[in-house]
Amino acid sequence: MTELPEDRVWARHRRRTGSVLIVGAGAAGGFLAEELARIGFSPLRLIDPDTLEVENLVRHPLGAGALGRPKAPALAEKIRRDFPPCDSTGLRADFLALPADRQRTLVGDADVVVAATDSAACQRHVNRVALSVGRPAVYPALWVDPRIRDAEVGEILWVLPGRRTPCYECAAAFRRAASDTEAARGARVDIQLVSLVTAHVVAALAHPGDDVSAILDRGRTAIYLHGFTPTSAGVRPVFPTSGLSSRSVRVPFPVRPCAACRGWRYVATSEASAADEAGERARVERPRPGRPSAVVFAALLLITMVLFIVAVAEGSHT
């Protein structure tokens, strides 16, 4: 096989670099890691406590040769072999079980953090660590229709620190309760499609001045994807027709302060959210059409009383 010069083979990889921590090396995290390596991200740090099982083969980038091996180290080894410029390492560990200082170091060393686990508790914890360290984070997930127990809609939520966007816990009321549980089993949505879009979101967060950053609408904080499968009744109101489609949505801040980031609907720290707050307050404080405000009502009452007193006084003089 003819070997091409390194500068020609890997020229594209030097155009977009950055460090990414991926917590969860399952199907979504695995395909995402490969795509990030393909477009030039390095180093990649992968964390996952599980080993590759037979039932994983139908949806995981690792093949039968990796059966019984820890997912994160095996996937990191595959990436180093397939994409030599990428410095990828895998750690077999439960992120929740790591010492707090180790968690903060791993997150702090990354330009972007991705939580791609099927554990809501782990997702929430990664959210809190990323907020405390000040790192942007991405949360890919799958909607599961409880009636068919299959996933058919992908979700990519991104969070910027400093209350510039709602955090993962802020979005808890907005998201579906089952969106991050049991999503890996029997998933019909194209997991690779979700991973590809997630890779673009990661690239946009890591390189806000790059052309790819256009995928992040300032007024939106989540993307929903529907694959090529027929839509079930549970998701038909959102995606009424079958076929590939997507929606970008704005996840609202909660009405009350969030326990994780302390952000809430009427407190803003950025220009965009300040403008939103002003608009929201104007909407709330504006008198309803057809109904006088308290000031107008008081003025009318005062005028009526004055006219009544004048009328009584004039009547007493006649």
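A word on the model comes before the tour: it is predicted, so local features need pLDDT of at least 70 and side-chain atom pairs count only at pLDDT 80 or more, while totals for chains, interfaces and linings use all residues. Residues are numbered from 1 along each chain as its sequence is written, and side-chain values use heavy atoms, with hydrogens and water left out.

Helices (H or I, at least four residues) and strands (E, at least two) are DSSP runs, numbered from the N terminus. Buried means under 20% relative accessible area, exposed means over 50%, and partly exposed lies in between (1.4 Å probe, protein chains only). Strand 1 has strand 2 as a parallel partner, over four bridges; two strands pair if DSSP finds at least two bridges between them. Within this pair, Leu 21 stands opposite Arg 45 of strand 2.

Strand 2 spans 44–48, and Pro 43 lies in the loop between helix 2 and this strand. The peptide bond joining Ser 42 and Pro 43 is cis, with omega about 0 degrees.

Next, look at helix 2 itself. Two packed helices are described by the angle between their axes and the distance between the axes. Helix 2 (residues 27–38) packs on helix 6 (residues 191–206) at an angle of about 50 degrees, with the axes 8 Å apart. Helix 2 is therefore oblique to helix 6. Here axes are lines fitted to C-alpha atoms, for helices over the stretch in contact, and angles run from 0 to 180 degrees between N-to-C directions. Angles under 35 degrees count as roughly parallel, over 145 as roughly antiparallel, 65 to 115 as roughly perpendicular and the rest as oblique. Among the residues making the contact are Phe 31 and Leu 32 of helix 2 and Leu 196 and Val 202 of helix 6; contact means heavy atoms within 4.5 Å.

Gln 103, Arg 104, Val 107 and Gly 108 of helix 4 meet His 125, Val 129, Ala 130, Ser 132 and Val 133 of helix 5. In helix 4, Gln 103, Leu 106, Val 107 and Gly 108 are buried.

Finally, turn to the loops. Glu 169 sits in the loop between strand 6 and helix 6, and it counts as buried because its relative accessibility is 19%. Leaving aside neighbours within four places in sequence, Glu 169 is in contact with Arg 124, Asn 127, Arg 128, Cys 258 and Ala 260. Arg 163 is in the loop between strand 6 (150–159) and helix 6. Arg 163 has a positive phi of about 60 degrees, although it is not a glycine, and is partly exposed at 25% relative accessible area. Arg 262, found in the loop between strand 8 (245–249) and helix 7 (271–285), has a positive phi of about 65 degrees.
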